[in-house]
Amino acid sequence: MDSLHEALWRAAANRRARLPRTSGLPAADVDAAVGEVLRRALERVWEHGWMPHDVYEAVRRDADERALSFLVDAVAADTARHTALHPRWRAQVDGIGAEVWWDTGEPHLEQWARRHIELREDAVAAAVAVLGVLISLPGLPVIVPRPGTPMAAFDHRGVDPKVLNRVRGLLAKAESTAFPEEAEALSAKAQELVTRHALERMPVEAASTTSRRLWLDRKYFDGKAQVVHVVARANRCRAVVYDLGFVALVGEELDLEIVELLSASLLVQATRAMVAAGDGARKGDEARSAAYRKSFLLSYAHRVGERLEAANAVPEDDRLLPVLAERRKAVDEYFGAMFTRTVAKTTPVRSAAGWDAGRSAADRANLSVG
């Protein structure tokens with residue numbers, strides 16, 4: 001068993017290494033070895049700040065659908081070992097659809113292979129692909145107590161993460177399609193989801209500074225991250241962009257909910273406007289170029305930031321000013337403790353036409369979340 005453990009780790013650490021031969025080994029032994037190495041790998045990433053949705057996104061971006069399916073099962077198996085789960089952790093487990101669907105009295109590998117019409121060796125390959133991603137992940141700040149540890153009191157009713165995941169999925173499809181009508185329909189559906197759930201009034205509660213991670217599609221990532229950044233700044237939150245593909249947000253719970261919803265809504269609107277700008281353009285025209293779309297999003301973010309700052313300049317109720325000042329101070333202190341080393345990043349604008357179009361689209365954007 002130990003030699004199989006080592007072989008699995010070795011194959012995962014070196015993507016070019018040959019997979020260990022398991023065809024002649026008892027199914028129960030292979031299943032136990034695969035389950036053990038994945039359990040150890042998940043324990044490591046949990047200890048280093050990763051959460052279920054984070055590892056799901058990391059595997060989705062670096063492996064295939066088979067590996068992603070195997071990861072979901074590994075998270076489900078790991079979750080089943082614990083009775084104490086933070087509500088946000090549970091929400092993310094549910095959000096990626098991690099549940100124990102297999103008969104736990106039989107080897108999972110065999111059942112997974114049958115379900116996906118694959119061989120057992122293919123199941124092992126999928127497990128090794130997952131392991132390869134997990135052992136390469138860097139450490140992140142811990143933002144939620146991991147399973148099995150004491151939980152902080154937390155009864156805030158947040159927006160269903162499955163809704164935001166669905167919005168982001170619709171947005172990615174809208175960007176990737178070559179048909180403007182389809183992009184418009186997908187964007188409209190995403191906007192409908194955002195609006196419907198934004199209308200749910202959140203309960204008034206004591207402030208609680210925390211952190212979240214908002215994963216974005218890799219396509220035009222810098223521009224999208226800038227949109228999130230200006231929305232966060234306008235809502236008393238702080239943001240740090242990770243090249244891994246997400247924006248780390250720090251703020252009060254209610255403010256972070258608003259940032260997620262408004263960012264999703266604005267990105268939907270930006271996508272719709274970009275598609276409309278390229279509608280009718282021929283292949284090779286500037287309006288369909290990557291430089292145009294990157295410049296569009298950067299300008300869009302810049303102008304949205306100006307509009308949000310102008311809205312915040314309206315005199316507030318004097319009684320709220322001390323409360324807001326305390327919240328900003330708490331956010332700054334939390335941010336400083338989490339991120340001791342950050343660097344500024346600049347992104348060049350290479351299309352004047354894209355910049356002008358993005359600014360115009362931002363002038364028309366709806367800045368409301370309901």
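Q: Are Tyr 242 and Phe 246 buried or exposed?
A: Both Tyr 242 and Phe 246 are buried, where buried means under 20% relative accessible area, exposed over 50% and partly exposed in between, with a 1.4 Å probe and protein chains only. This is a predicted model, in which local features need pLDDT of at least 70 and side-chain atom pairs count only at pLDDT 80 or more, while totals for chains, interfaces and linings use all residues. Residues are numbered from 1 along each chain as its sequence is written, and side-chain values use heavy atoms, with hydrogens and water left out.

Q: OK, and how many aromatic pairs are there?
A: The count comes to 10 aromatic pairs, taking rings of Phe, Tyr and Trp (its six-membered ring) whose centres lie within 6.5 Å, with planes under 30 degrees apart called stacked, over 60 edge-to-face and the rest tilted. Tyr 242 and Phe 246 form a stacked pair, at 4.4 Å centre to centre with 20° between the planes.

Q: Why is the pair of Tyr 292 and Phe 296 tilted?
A: Their planes stand at 35° and their ring centres are 6.4 Å apart, so Tyr 292 and Phe 296 count as tilted. Tyr 292 and Phe 296 are both buried.

Q: Which residues form one aromatic cluster?
A: One aromatic cluster is made of Trp 50, Trp 215, Tyr 242, Phe 246, Phe 335 and Phe 339.

Q: New topic: what sits over the ring of Phe 335?
A: The charged end of Arg 238 does, 3.9 Å from the ring centre, the rule being that NZ of Lys or CZ of Arg is within 6 Å of the ring centre and within 35 degrees of the ring normal.
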